[in-house]
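Visitor: I am new to this structure and would appreciate a short tour. Could we look at it together?
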Amino acid sequence: MSAPSCDEFDPNALTLEQARAAILQACEALTEAETVTLESALGRTLAEPIAARMDVPPAAVSAMDGYALRADDAVIGRELKLAGTAAAGHLWDGTVEPGQCVRILTGAVVPDGAEVVIMQEQTERSGESGIRLNNGGLAPGHNIRGPGTDTASGTALFAPGQLIGAAEIGVLASQGIAELRVLRKPRVAFFSTGDELVPLGQTPGPGQIHDSNRHTLRALLAAYPVEVLDYGVIRDSEDAVRAALERAGQEADLIITTGGVSVGDADHVTRVLQASGQVGFWKIAIKPGRPLAFGRFGNAHFLGLPGNPVAVMTTFALLVRPALLQLAGRAAPEPQTLNARLLEDLKKTPGRKDFQRACLETDERGWVVRTAGGQSSHQLRAMADANAYMVLPRESSGARAGDWVEVLPFREIFPAC
Ligand code: AMP
Ligand code: MG
């Protein structure tokens with residue numbers, strides 16, 4: 001089949017998958033580790049295996065509020081004498097004899113002699129100091145959590161590479177582990193390039209705009225375990241760009257820039273990198289985000305993103321995210337897409353895989369999707385209104401209302417902080 005005329009088809013452009021594979025191949029996990037307290041371990045990558053040091057729970061405890069008794073006494077209608085009370089943190093250290101029971105609360109250690117716990121609701125009071133059972137025939141262990149039934153001492157808990165999330169922190173705390181070894185955070189240097197850019201707090205003059213990309217990048221990076229080095233706005237001069245890159249090549253593991261990677265006269269990043277870095281200039285067959293530079297400068301990996309704000313977010317989600325995860329010692333899973341019914345007709349020029357900003361929601365038919373607004377790569381507003389990308393294949397020339405389309409929810413690629 002011949003390529004459609006009047007399109008954007010470029011046979012030399014990389015596919016997204018090729019670009020991602022090349023980035024993942026280059027960005028090996030950092031190996032240096034550091035010790036952190038459990039309080040500061042959230043989001044970090046474990047550097048050592050951790051085994052359970054103790055049984056949790058440490059002893060047989062009750063799973064219910066009720067009465068602890070011998071299994072032989074668990075007979076419907078039987079009356080038992082109340083011998084005492086065991087509460088969480090308060091042992092009853094006698095032995096439950098035949099014909100006796102002990103009032104027991106959830107989390108309390110089951111006293112010697114007792115083999116079952118009957119729920120309070122399955123008993124009734126009988127006389128001054130006794131109960132009558134409305135349940136019986138219970139196997140030993142009924143409503144009892146045995147020692148080590150959550151984690152047993154000596155068993156492997158977590159392997160190196162494990163992301164430390166809230167559940168892992170809870171498990172480690174239950175083991176009394178207050179410090180752990182994690183991989184050090186990747187250091188990420190970033191700067192914006194462009195003579196048109198002014199920082200916040202300064203009123204843009206004629207032809208100038210506020211630098212938004214650096215703020216977007218900082219916000220995107222906040223969801224990752226990285227140390228950020230914000231170099232600000234760098235002017236469109238070869239000397240300024242070279243100085244920033246040389247510093248970043250010393251200080252960082254990864255350099256991210258925005259702007260200056262196309263072929264315009266003012267694209268000094270490209271020229272400096274061509275002269276001093278080992279960087280490839282890619283055209284990627286995606287929209288937005290076609291021009292991208294990737295390679296090394298000094299000791300750091302380098303990712304030069306396009307300048308257009310929507311392209312910055314999109315290339316970050318699709319290509320910087322896997323690099324960051326892998327540097328941080330984590331797996332970089334393929335984002336999971338879903339299929340949704342399109343609510344309106346869409347136009348597209350064949351040639352690039354299109355990531356259109358979209359609103360995904362459900363109605364009585366299931367997932368449905370519509371455009372979030374202007375689709376030009378400077379229209380960041382539509383990005384703010386969207387919660388997903390509609391992913392239209394490279395060869396597609398559009399879609400009709402009612403078609404099934406592939407959708408990439410933002411939650412897959414823009415993790416919340
Ligand atoms: P460039 O890739 O440098 O040619 O920039 C492409 C477009 O993105 C131009 O319209 C720039 O003004 C805009 N742009 C570049 N950097 C930024 C930034 N940091 N914040 C907002 N817009 C930017
Ligand atoms: Mg520029």
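Visitor: Where is P288 found?
Guide: P288 is found in the loop between β19 (286–287) and β20 (291–297), where strands are DSSP runs of E with at least two residues and helices are runs of H or I with at least four, numbered from the N terminus. This is a predicted model, in which local features need pLDDT of at least 70, side-chain atom pairs count only at pLDDT 80 or more, and totals for chains, interfaces and linings use all residues. Residues are numbered from 1 along each chain as its sequence is written, chains are lettered from A and ligands numbered from 1 in the order in which they are written, and side-chain values use heavy atoms, with hydrogens and water left out.
Visitor: Is the bond joining K287 and P288 cis or trans?
Guide: That peptide bond is cis, with omega about 0°. The bond from V56 to P57 is also cis, with omega near -5°, and P57 lies in the loop between β2 (50–51) and β3 (61–62). Most peptide bonds are trans.
Visitor: What is the phi of N143?
Guide: Phi of N143 is near 60°, a positive value in a residue other than glycine. N143 belongs to the loop between β9 (130–133) and β10 (144–145).
Visitor: Turning to ligand 1, how many residues surround it?
Guide: There are 14, and the closest are E196, D211, S212, N213 and G260; a residue counts if one of its heavy atoms lies within 4 Å.
Visitor: Which strands supply at least two residues each of the shell?
Guide: They are β13 (187–193) and β15 (209–210).
Visitor: How many salt bridges does a search of the whole structure find?
Guide: The search finds 20, each being a side-chain nitrogen of Lys or Arg within 4 Å of a carboxyl oxygen of Asp or Glu. One of them joins E32 and R184, whose closest N and O atoms are 2.9 Å apart.
Visitor: Why does that pair tie together parts that are apart in sequence?
Guide: E32 lies in the loop between α1 (16–26) and β1 (33–37), and R184 in the loop between β12 (179–183) and β13, so the pair links parts 152 residues apart in sequence.
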